[in-house]
Amino acid sequence: MSATVSFPVPAPSGPQTVTVSYTRVGVGEPLLLLHGIGHHRQAWDPVVDILATERDVIAVDLPGFGVSPALPDGLAYDLPTTTAVFDAFCRALELDRPHAAGNSLGGLLALELGREKLVRSVTALSPAGFWSEAERRYAFGILLTMRKISRRMPLPMVERLARSAAGRAALTSTIYARPARRSPDAVVAETLALAGATGFDQTLRAGGSVLFTDDVPDIPVTVGWGTRDWLLVRRQGVRAKQVIPRARLVRLPGCGHCPMNDDPALVARVILDGSR
């Protein structure tokens with residue numbers, strides 16, 4: 001069941017109230033799930049039930065994405081601010097250093113939470129921030145094109161395309177290696193989420209200068225990369241391993257940029273193993 005929580009976050013002009021929407025299910029140690037830019041928490045649906053057998057799973061909509069409201073004026077969509085938001089979110093929910101797993105932008109955020117010692121383990125699936133400048137421009141170009149298409153496409157057309165495997169591939173093959181596995185309703189919902197993401201443009205602008213260059217010592221770190229990730233190509237995983245030498249680098253065969261949909265059992269096992 002969906003819930004919301006509001007909490008104060010420091011800002012230059014004084015504390016600002018941020019509201020985050022989330023779902024929570026399962027038993028065990030807490031596990032925070034963070035999605036990528038333009039997505040929403042339902043990106044994790046294929047793995048949540050598996051994870052919930054062993055973890056207290058909290059899947060969130062990042063501010064300005066899904067049904068979480070935009071950040072208030074005075075708060076930027078940059079990495080330090082988003083880290084502060086989820087530090088405050090965890091305190092509001094009385095989560096004592098949860099495990100964190102993230103995909104793409106969420107993977108970058110999970111790593112930053114780990115670097116700040118705010119979580120007890122990190123699993124980052126195709127995390128942002130390990131790109132060359134050319135790779136970043138390529139990825140941002142694709143994301144902007146996806147966003148433009150999603151905003152221009154009438155809902156009846158999206159619904160019609162989502163009904164066929166070929167149509168779902170046309171809409172989502174950039175992020176899924178096996179788009180036919182995504183349900184028609186899920187494809188419609190995430191196309192609408194991309195179109196309506198109030199935080200998209202500012203988040204993308206903030207990401208233009210982001211590189212993750214610091215080690216994440218003293219906590220377990222797993223970096224997983226799909227062999228069919230065409231958005232953030234898998235050689236970026238090798239760079240991540242160079243930056244975080246003690247990280248476990250895991251190959252995800254046959255998976256795309258959002259591997260949770262392509263191989264739920266494998267991804268759930270990687271997350272569970274990485275959060276022991």
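Biologist: How many salt bridges does a search of the whole structure find?
Modeller: It turns up 17 salt bridges, each a Lys or Arg side-chain nitrogen within 4 Å of a carboxyl oxygen of Asp or Glu. This is a predicted model, where local features need pLDDT of at least 70 and side-chain atom pairs 80 or more, while totals for chains, interfaces and linings use all residues. Numbering starts from 1 along each chain as its sequence is written, and side-chain values use heavy atoms, leaving out hydrogens and water.

Biologist: What does Arg-147 meet in a salt bridge?
Modeller: Its partner is Asp-201, at 3.9 Å from N to O. Arg-147 sits in helix α4 and Asp-201 in helix α8 (residues 200–207), so the pair ties together parts 54 residues apart in sequence. Helices here are DSSP runs (H or I, at least four residues), numbered from the N terminus.

Biologist: Is Arg-147 buried or exposed?
Modeller: Arg-147 is buried at 7% relative accessibility, whereas Asp-201 is partly exposed at 35%. Buried means under 20% relative accessible area, exposed over 50%, and partly exposed in between (1.4 Å probe, protein chains only).

Biologist: And what about Glu-133, which side chain does it meet?
Modeller: That one is Arg-136, at 2.6 Å, N to O. Both lie in helix α4 (residues 133–152), three residues apart, about one turn.

Biologist: Switching topic, which residues have the most contacts inside the largest nonpolar core?
Modeller: Val-60, Phe-86 and Phe-89, in a core of 82 residues. A second, separate core has six residues, including Met-153 and Val-188. A core is a set of buried Ala, Val, Leu, Ile, Met, Phe, Trp, Tyr and Cys residues joined through side-chain atoms within 4.5 Å.

Definitions and conventions:
Helix = DSSP H or I, 4+ residues; strand = E, 2+ residues; numbered from the N terminus.
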